[in-house]
Structure formats: structure tokens, C-alpha cells
Amino acid sequence: MKITVWNEFAHEKSDPAVKAIYPDGIHAVIASFLRDAGYEVRTATLDDPECGLTDEVLDDTDVLFWWGHMRHGDVPDSVVNRVYKHVIGGMGMVVLHSGHASKIFQKLMGTPSGELKWRESGDREILWVIEQGHPITRGIGEKIILEHEETYGEHFLVPQPDELVFISWFTGGEVFRSGCVYKRGRGKIFYFRPGHESVPTYHNPEVQKVLVNAAAYVYTPKAEAPYQYGWVKPTVE
Ligand code: ZN
């Protein structure tokens, strides 16, 4: 299974505190633990030509991870449309944290999914597993505790997920649908909330386990008989 980890790779260059946690970028850490799990992984970033997401790369990608935050608007619509076409065709996608406001996630959701409450106050986050035995939560107990994270709160302006896997609670009282699975066309998407750039969330072994599991879950084998659309003669004469 081939994974491409995409990161806008901006905070890590401009903010020393973030660089201290992710010296080579968030994508490098995510790629590293996915490789350790046995996946074939490449990375791509916003400043690569075509954002590193040409048809050649996407044709060779089973699952695309996406982290973006302050430069969503710099992703060209042509790249967004290309990624969308591949997801509909069966490429899996894992959208991380502030990727909720990316153009591609909004297009896949059909809603302004950037809308939610937020606060950077270092609240503790408890991610409650609400579907034990789900392939994404395998190996996780009843909850994951992150000592400090950015807070997100409902309402989160997305369609009802096809599968709701985690709900978060924060010290300040907010709750949030933190693990959501969607099916779009042949493709599966998993949105996973934690991963603010100023806290070491992607170094957390349980978070890593969730993302390793999620990659396998959103993987759809290449079509053996692609769907056919349009006029057809009768199948039975
Ligand atoms: Zn954040």
C-alpha cells in the first residue's frame, strides 16, 4: 500500500517553537511512523511544483494524508479538483486537524467545514472511543488522553459522518466529533482532529496507532471493473 503525506509545511519554517517539535516538518514525523508500520510512503508539500500532487503521484497513491492550516488558499483549485477526482475514484484520504478548513475537505463535505469553535489554551483533551472494535480503534483502550491540545468545539459544520469513531472532551467543557469516516464515490475519508502544530501530538504512540489503522481502513483496492456511466444497451437481450 502506497501513502503520500502532504503538508503545507509553513509553521515549521516560520515558528521556532513549532520547528523544535517538528524540525523536518510534521510530514516527516507522520511519514516515519507510517514507514515503520510497513507502508511505502512519500511526502509532498505546498511549495513543490503542482503541490507535489500531479496525476502521476496520485495515480501511484492509495492513501493521501493532508495537514494544512494557514495557507489553505494557496492550494490551486486545479490541484483540489485533481485530488477530488482521485478520491471519488477510490483513493483513501486522512484529513488531519486544521485540514478541516482545507478546500479539498470542504469540497468533499459539501459544507463550509471550516466552521467550528476553537481556543488555544492548552486544555487537556480526552478522545473517547465510541466504536470499540472498529478497525481504526484497534489497540486503543477506551480513550486517549492528550495533556495539552488546541480546543475545538461543536458545532462542527459537516454532514453527519457515516461512522463516528471518536468524540473529544476538553477541560473547558467543549465536545467535538474528532474521528469521522465518510464515503465519497469509491473513496473513504477519515477526519482526525488532534494535531495542533505547537504540541507534540504526532509523537504520541496512541495517535500514531490510530493513524496507522486509519490508513489501512480508508484503503480501497484499485477497481477491477471500473463503474460505467451513460447510455448502455440492455444487459439481457
Ligand atoms: Zn491548530
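How many of the 6 residues of β1 are buried? In this predicted model, 5 of them are, so β1 is largely enclosed by the rest of the structure; buried here means under 20% relative accessible area, exposed means over 50%, and partly exposed lies in between (1.4 Å probe, protein chains only). The structure is a predicted model in which local features need pLDDT of at least 70 and side-chain atom pairs count only at pLDDT 80 or more, whereas totals for chains, interfaces and linings use all residues. Residues are numbered from 1 along each chain as its sequence is written, and side-chain values use heavy atoms, with hydrogens and water left out.

Helices (H or I, at least four residues) and strands (E, at least two) are DSSP runs numbered from the N terminus, and two strands are taken to pair if DSSP finds at least two bridges between them. By these criteria, 9 strands form an open sheet of mixed pairing, in the order β2-β1-β3-β4-β9-β8-β7-β5-β6. The edge strands, each pairing on one side only, are β2 (40-45) and β6 (143-153). From one strand to the next, the twist averages 25°. Strand β1 pairs with β2 in the parallel sense over 6 bridges, and T4 stands opposite R42 in β2. Pairing of β1 with β3 is parallel as well, over 5 bridges; the bridge partner of W6 is W66 in β3. Between β4 (residues 92-96) and β9 (residues 187-192), 4 bridges form in the parallel sense, and V95 has Y191 of β9 as its bridge partner.

Helix α5 (residues 77-88) packs on the sheet and touches β3 (63-67), β4, β8 (175-184) and β9, where contact means heavy atoms within 4.5 Å. The direction of α5 makes about 115° with that of β9; axes are lines fitted to C-alpha atoms, for helices over the stretch in contact, and angles run from 0 to 180 degrees between N-to-C directions. Helix α7 (residues 205-218) runs at about 165° to β9 and lies across β1 (2-7), β3, β4, β6, β7 (163-170), β8 and β9. In helix α3 (residues 26-36), the residues I26, H27, V29, I30, A31, F33 and L34 are buried. The elements that cover these residues include β1, α1 (11-14), β2, β3, β4 and α7. After α3 comes G38, with a positive phi near 105°.

In soluble globular proteins, nonpolar side chains tend to be buried together. A nonpolar core is defined here as a set of buried Ala, Val, Leu, Ile, Met, Phe, Trp, Tyr and Cys residues joined through side-chain atoms within 4.5 Å. The largest such core has 37 residues, and L34, F65, F166, F190 and Y202 have the most contacts inside it. Helix α7 supplies the largest share of this core, 8 residues. Another core, of 30 residues, lies apart from it and has V95, M109, L116 and F176 among its members.

The structure holds 16 salt bridges, a salt bridge being a side-chain nitrogen of Lys or Arg within 4 Å of a carboxyl oxygen of Asp or Glu. One of them joins the side chains of R71 and D47 (3.3 Å, N to O). R71 lies in the loop between β3 and α5 and D47 in the loop between β2 and α4 (55-59), so this pair ties together parts that are 24 residues apart in sequence. Both residues are partly exposed, R71 with a relative accessible area of 26% and D47 with 49%. A network of salt bridges links K13, D47, R71 and D74. K85 forms a salt bridge with D55, with the closest N and O atoms 3.5 Å apart. This pair links distant parts of the chain, K85 being in helix α5 and D55 in helix α4, 30 residues apart. K85 is partly exposed at 48% relative accessibility, as is D55 at 27%.

E149 is found in strand β6 and counts as buried, at 1% relative accessibility. The side chains of E149 and T201 are joined by a polar contact of 2.6 Å (a pair of N or O atoms within 3.5 Å; within protein, one must be able to donate a hydrogen and the other to accept it, and residues adjacent in sequence count only if both atoms are side-chain atoms). Not counting residues up to four places away in sequence, E149 touches H97, G122, D123, E125, R193, P194, G195, H196, V199 and T201.
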